[in-house]
Amino acid sequence: MMRHRKQPDRRKLPTAWASSILQARRTAVRPLLGAVLATLLVPSPSVAQQAAPAVAPAPAACATGDHRAFDFWIGIWDVTAAGQDQPTAENRISREHGGCAIRENYATTGGYTGMSISFYDAARKKWHQTWMGVDGAALYAEGGLNDRGEMVLSNRNTPYYQAGAAINRITWTPRADGSVRQHWQASSDGGETWRTVFDGLYVKKR
């Protein structure tokens, strides 16, 4: 009958001998632990093959030159009416919704306020603006850039215009010094003669 060899009691072994046994076991465990960690940290070839390829971002919906045609109006402006030597209103013009809309918030020193939304209708190839003021008067105008780089919008160009009604025409002119002139005209005789409704100079606030 084989007799099992009795393991020495470490508590009775000399300190140096006991330390050498523990060190040998630690040394044997370390390679095994390193192999396990390497397996966990390095992805298998099958996982790497399943990784989704990079997808290029889709182009912005409103990034064409036509959509940028009215950008010269964007900013925070002091507006001075013709014949005045001090600003008579403040107008905040911002690009919104990924550049697909331009929002206007207008307020005069006398308490009148209004806002508009302008956008380029790519299907119809026209700029459109809808205006609403605190007085409840709505204005719908359409158009685009003329040969001089001015934005010209008129209610006569819209499907809402009725023959014989007053014609409104608004022209925004970018100037070399960075300012913008807005000239609003109206005609009650089918465009034969025009009167000025508003003529203002936009200068960016400091």
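**Loop residues and salt bridges in a predicted model**

Arg103 has a relative accessible area of 34%, so this residue is partly exposed (buried is under 20% relative accessible area, exposed over 50%, partly exposed in between, with a 1.4 Å probe and protein chains only). The model is predicted: local features need pLDDT of at least 70, side-chain atom pairs count only at pLDDT 80 or more, and totals for chains, interfaces and linings use all residues. Residues are numbered from 1 along each chain as its sequence is written, and side-chain values use heavy atoms, with hydrogens and water left out.

**Salt bridges**

- The count comes to ten salt bridges (a side-chain nitrogen of Lys or Arg within 4 Å of a carboxyl oxygen of Asp or Glu).
- Glu96 counts as partly exposed because its relative accessibility is 22%.
- Arg92 forms a salt bridge with Glu90, and their closest N and O atoms are 3.0 Å apart.
- Arg92 is partly exposed at 41% relative accessibility, and Glu90 is partly exposed at 26%.
- A network of salt bridges links Asp78, Glu90, Arg92 and Lys205.
- Arg124 forms a salt bridge with Asp121, the closest N and O atoms lying 3.9 Å apart.
- Arg124 has 36% relative accessibility and therefore counts as partly exposed.

**Positive phi in loops**

- Most residues other than glycine have a negative phi.
- His97 is not a glycine, yet its phi is positive, at about 55 degrees.
- His97 sits in the loop between β2 (89–96) and β3 (101–108) (strands are DSSP runs of E, at least two residues; helices are runs of H or I, at least four; both are numbered from the N terminus).
- With 67% relative accessibility, His97 counts as exposed.
- Lys125, also a residue other than glycine, has a positive phi near 55 degrees.
- Lys125 lies in the loop between β4 (113–121) and β5 (126–133).
- Lys125 is exposed, at 65% relative accessibility.

**A buried loop histidine**

- His67 belongs to the loop between α2 (45–50) and β1 (75–81).
- Its relative accessibility is 8%, so His67 counts as buried.
- The side chains of His67 and Thr64 make a polar contact at 2.6 Å (a pair of N or O atoms within 3.5 Å; within protein, one must be able to donate a hydrogen and the other to accept it, and residues adjacent in sequence count only if both atoms are side-chain atoms).
- Neighbours within four places in sequence aside, His67 is in contact with Ala61, Cys62, Tyr120, Ala122 and Trp127 (heavy atoms within 4.5 Å).
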